[in-house]
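The following note sets out, point by point, how this chain is folded. Please keep the sequence and the structure in view while reading.

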Amino acid sequence: MRKSPTQVRAVMTVSAIIEAATQILQRVGEEQLTTNRIAERAGVSIGSLYQYFADKEAIIEAIAERERDQIIASILRSLSEKEATDIESKVRDVIRTIVSAFVRRKRARRIIIMSMLRRWQTSSERQGADVVARFMVDTAGNNKDARQRRMTPVSAFVLTRALMGPIRAAVIEDSPFLESQEFEDELVRMVLSFVRE
């Protein structure tokens, strides 16, 4: 972003721009996403849009960051609300939260992911995966299961990237597997086989 909004009205303007762009991506795709169309849909002037964003790519990046923040918040909320004591329940909660987040607005997410891949793994995606990695390390450290391997930051890095790969591919390929119980079960099985000795 060119500048960060500080006043409530400015925050609302930026939020409206991001939401308008997401709606356009979901409805008609990236080819028809223009800054003029975004400004019109958001109900702001083109000058206001350019005050915060240099171009539509900057808006797509802001969408990705907002989505990442929402996914992280959902994971943390899910983990704090659940009293799961075994690692399988905790892993399943994290996977279900991540997959559920990717199911909403699939067309827009596919475009966002493809855009981010063109730029190569942005800090936005890395930061989201790092939150999951920290959870894996912390969970492994707090779990008393003797069968569980010692999770290091490196092994957590490998695991989270292995976990996000199939989810990302399912979104990009518009796979019907994404919303299936079997897909979730396979991801849980993969994570558990990695963390258990």
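1. A crossing of two helices is called left-handed if the near helix is turned anticlockwise from the far one by less than a right angle, and right-handed if clockwise. By this rule, α1 passes α2 in a right-handed crossing. The model is a predicted one, in which local features need pLDDT of at least 70 and side-chain atom pairs count only at pLDDT 80 or more, while totals for chains, interfaces and linings use all residues. Residues are numbered from 1 along each chain as its sequence is written, and side-chain values use heavy atoms, with hydrogens and water left out.

2. Overall composition. The chain has 9 helices and 0 strands; helices (H or I, at least four residues) and strands (E, at least two) are DSSP runs numbered from the N terminus. Of the 197 residues in the chain, 44% are buried. Here buried means under 20% relative accessible area, exposed over 50%, and partly exposed in between, with a 1.4 Å probe and protein chains only. Among the contacts (heavy atoms within 4.5 Å) with a separation of 6 or more, 71% join residues 24 or more positions apart.

3. Helices α1 and α2. Helix α1 covers residues 8-28 and helix α2 residues 35-42; they pack at an angle of about 115°, with their axes 8 Å apart. Axes are lines fitted to C-alpha atoms, for helices over the stretch in contact, and angles run from 0 to 180 degrees between N-to-C directions. The two helices α1 and α2 are therefore roughly perpendicular to each other. Angles under 35 degrees count as roughly parallel, over 145 as roughly antiparallel, 65 to 115 as roughly perpendicular and the rest as oblique. On the α1 side the contact includes A16, I17 and A20, and R37, I38, R41 and A42 lie on the α2 side. The residues of this contact of α1 with α2 comprise 8 nonpolar, 1 polar and 3 charged. In this count Ala, Val, Leu, Ile, Met, Phe, Trp, Tyr, Cys and Pro are nonpolar, Asp, Glu, Lys and Arg charged, and the others, Gly among them, polar.

4. The largest core. Which residues have the most contacts inside the largest nonpolar core? They are I95, I98, F102, L163 and I167, in a core of 28 residues. Five helices, α4 (56-81), α5 (87-103), α7 (123-142), α8 (153-172) and α9 (181-195), each supply at least two residues of this core. Its largest share, 8 residues, comes from α5. Apart from this core lies another, of 25 residues, among them I18, V44, A58 and A62. A nonpolar core is a set of buried Ala, Val, Leu, Ile, Met, Phe, Trp, Tyr and Cys residues joined through side-chain atoms within 4.5 Å. In soluble globular proteins, nonpolar side chains tend to be buried together.

5. Helices α5 and α8. The axes of α5 and α8 come within 10 Å and cross at roughly 25°, and the two helices are therefore roughly parallel to each other. Their crossing is right-handed. I95, I98, V99 and F102 of α5 meet L163, M164, I167 and V171 of α8. The residues of this contact of α5 with α8 are 8 nonpolar, with no polar and no charged ones. Beyond its neighbours within four places in sequence, L163 touches I95, I98, V132, L187, M190 and V191.

6. Helices α5 and α9. The axes of α5 and α9 come within 9 Å and cross at roughly 130°, which makes α5 oblique to α9. This crossing of α5 and α9 is right-handed. The contact involves, among others, I87, E88 and V91 of α5 and Q181, F183 and E184 of α9. The residues of this contact of α5 with α9 divide into 10 nonpolar, 1 polar and 5 charged.

7. Individual residues. F183 lies in helix α9 and counts as buried, because its relative accessibility is 13%. Leaving aside neighbours within four places in sequence, F183 is in contact with V99, P166, I167, A170, F177 and L178. A156, in helix α8, is buried at 0% relative accessibility; its C-alpha lies 4.8 Å from that of A133, 23 residues away in sequence. D174, in the loop between α8 and α9, has a positive phi of about 55° although it is not a glycine. At 43% relative accessibility, D174 counts as partly exposed.
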